[in-house]
Amino acid sequence: MNYLVLGAGGTGGCVGGYLAKSGRDVTLIARGAHLAAIHHNGLTVHSARLGNFTVHPAACCETDYHDTPDVIFVCVKSYSLPALLPFLQRVSTKDTVVIPLLNVFGTGGDLQPNLAGTVTDGCMYIYSMLERPGVIAQPTDIFRVFFGYRKTQAHIADKKLWQVERDLKACGIDACLSAHIEEEALTKFSFVSPLGAAEYFYRAANGDFVKPGEKQDFLLALMGEVRALGQAMGTPLPEDILFRNLRLLQDMKPQGTTSMLRDMETGRPSEFDGLIARVARLGRRYGIATPCYDKVIETYNRSTANR
């Protein structure tokens, strides 16, 4: 199996680093100082799961990649996808499997009409970041990857996905080829999207939503809107999803914030459209009211209009 990891930052760097450590055939797509550091010193991963290690995988920028991979892991921010689509179209064929591992729900379905191969859905649970060029930090041992076919792809039977699951497990990743990937992806989205929206709305950190009060109530209302949307889309979430999400929040660093908020505070491009505005658009499509998301979007629109 020939793997390509598109995006070698915190998430893709761990996927690619783990694959390389176990001897898999993997190439990382990276840029700038990060790519130069990988070329000179290899990719170092400070992993709470496997310990610190350095590997020397093949790495290049998009223009220098001319292979045809069996499997492409897409590990970039959602706002980067339009610019990267021509590259994906160039290197993939009808036999290529593309596995998006993004926070934004529905990415696989969005990509599929534009690519010749099979695009699954996927999601990942990991806490990792690019510490400096060539070095990835993974301070906790959580590393779970879910991927699989959407309901509309039930007729597809590709043995590659079973091999991907086996390879990832052999690397030390908790991998699951799920028969309910849309539910898995929406379950994660029901946490990252409301938390990002609430933290932006209040300019607050994780710990500000742990205790009962106005902020937690707003967060739960956002989660409730995603749950109602899932029901309308035929992708129901577990009945206790709000409770489970609050427990997950309690395990996070109180002073931490979402990457979306950090990007917005530093003036970098953010996933606001995919994580927040997308919910309101889907709500209008499926007839689900999203008043809390609408308030967040109104705040964002006022902020950008005043710049």
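Trainee: How many aromatic pairs does the structure hold?
Mentor: This is a predicted model, and the structure holds 13 aromatic pairs.

Trainee: Can you walk me through one? How far apart are the ring centres of Y18 and F53, and at what angle are their planes?
Mentor: The centres are 5.9 Å apart and the planes stand at 75°. Planes over 60 degrees apart count as edge-to-face, so that is the label for Y18 and F53.

Trainee: Nice. Which elements do Y18 and F53 lie in?
Mentor: Y18 is in helix α1, while F53 is in strand β4, residues 51–55. The two are 35 residues apart in sequence, so the pair ties together separate parts of the chain.

Trainee: You mentioned α1. Which strands does helix α1 lie across?
Mentor: Helix α1, residues 10–21, lies across β9 and β12. Relative to β9, α1 runs at about 90°.

Trainee: OK, so what sheet are β9 and β12 in, and in what order do the strands come?
Mentor: They belong to an open sheet of three strands, ordered β9-β12-β13, with mixed pairing. β9 (121–126) and β13 (174–177) each have a single partner strand, so they stand at the edges and one side of each has no neighbour in the sheet. On average, neighbouring strands here are turned by 10° against each other, direction ignored.

Trainee: And how many bridges join β12 to β13?
Mentor: There are four bridges between β13 and strand β12, residues 143–148, and these two strands run parallel. As one example, F147 has L177 in β13 as its bridge partner.

Trainee: Which helix lies across β12 and β13?
Mentor: That would be helix α5, residues 159–171. The angle between α5 and β13 is about 170°.

Trainee: How many bridges link β2 and β5?
Mentor: Strand β2, residues 25–29, pairs with β5 over three bridges in the parallel sense. To find one of them, look at T27, whose bridge partner in β5 is A58.

Trainee: Let's talk helix packing. What should I look at to describe two packed helices?
Mentor: Use the angle between the axes and the distance between the axes.

Trainee: Then try α6 and α11. At what angle do their axes cross?
Mentor: Roughly 50°, with the axes of α6 (residues 181–202) and α11 (residues 291–305) coming within 10 Å. That angle makes α6 oblique to α11. The crossing of α6 past α11 is left-handed.

Trainee: Which residues meet there?
Mentor: From α6 you have S193, P194, A197, Y200 and F201, and they meet Y293, K295, V296, T299, Y300 and S303 in α11. By class, that contact has seven nonpolar, three polar and one charged.

Trainee: What about α6 and α10, at what angle do those axes cross?
Mentor: For helix α10, residues 272–286, the crossing with α6 is at roughly 95°, and the axes again come within 10 Å. That makes α6 roughly perpendicular to α10. F189, V192, S193, G196, A197 and Y200 of α6 make the contact with F272, G274, L275, I276 and V279 of α10. These residues divide into eight nonpolar, three polar and no charged.

Trainee: Last one: how far apart are the axes of α6 and α8?
Mentor: They are 10 Å apart, and α6 packs against helix α8 (residues 241–250) at an angle of about 60°. That makes α6 oblique to α8, and α6 passes α8 in a right-handed crossing.

Trainee: Which residues should I click on for that contact?
Mentor: In α6, pick T187, S190, F191 and L195, which meet I241, R244, N245, L248 and L249 in α8. The contact has five nonpolar, three polar and one charged residues.

Technical notes: Residues numbered from 1 in each chain as written. Predicted model: local features only at pLDDT ≥ 70, side-chain atom pairs only at ≥ 80, totals over all residues. Heavy atoms only, no water. Axes fitted to C-alpha atoms, helices over the stretch in contact; angles between N-to-C directions. Parallel < 35°, antiparallel > 145°, perpendicular 65-115°, else oblique. Left-handed = near helix turned anticlockwise from the far one by under 90°. Contact = heavy atoms within 4.5 Å. Nonpolar A, V, L, I, M, F, W, Y, C, P; charged D, E, K, R; others polar. Pairing = 2+ DSSP bridges. Phe/Tyr/Trp six-rings, centres within 6.5 Å; stacked < 30°, edge-to-face > 60°.
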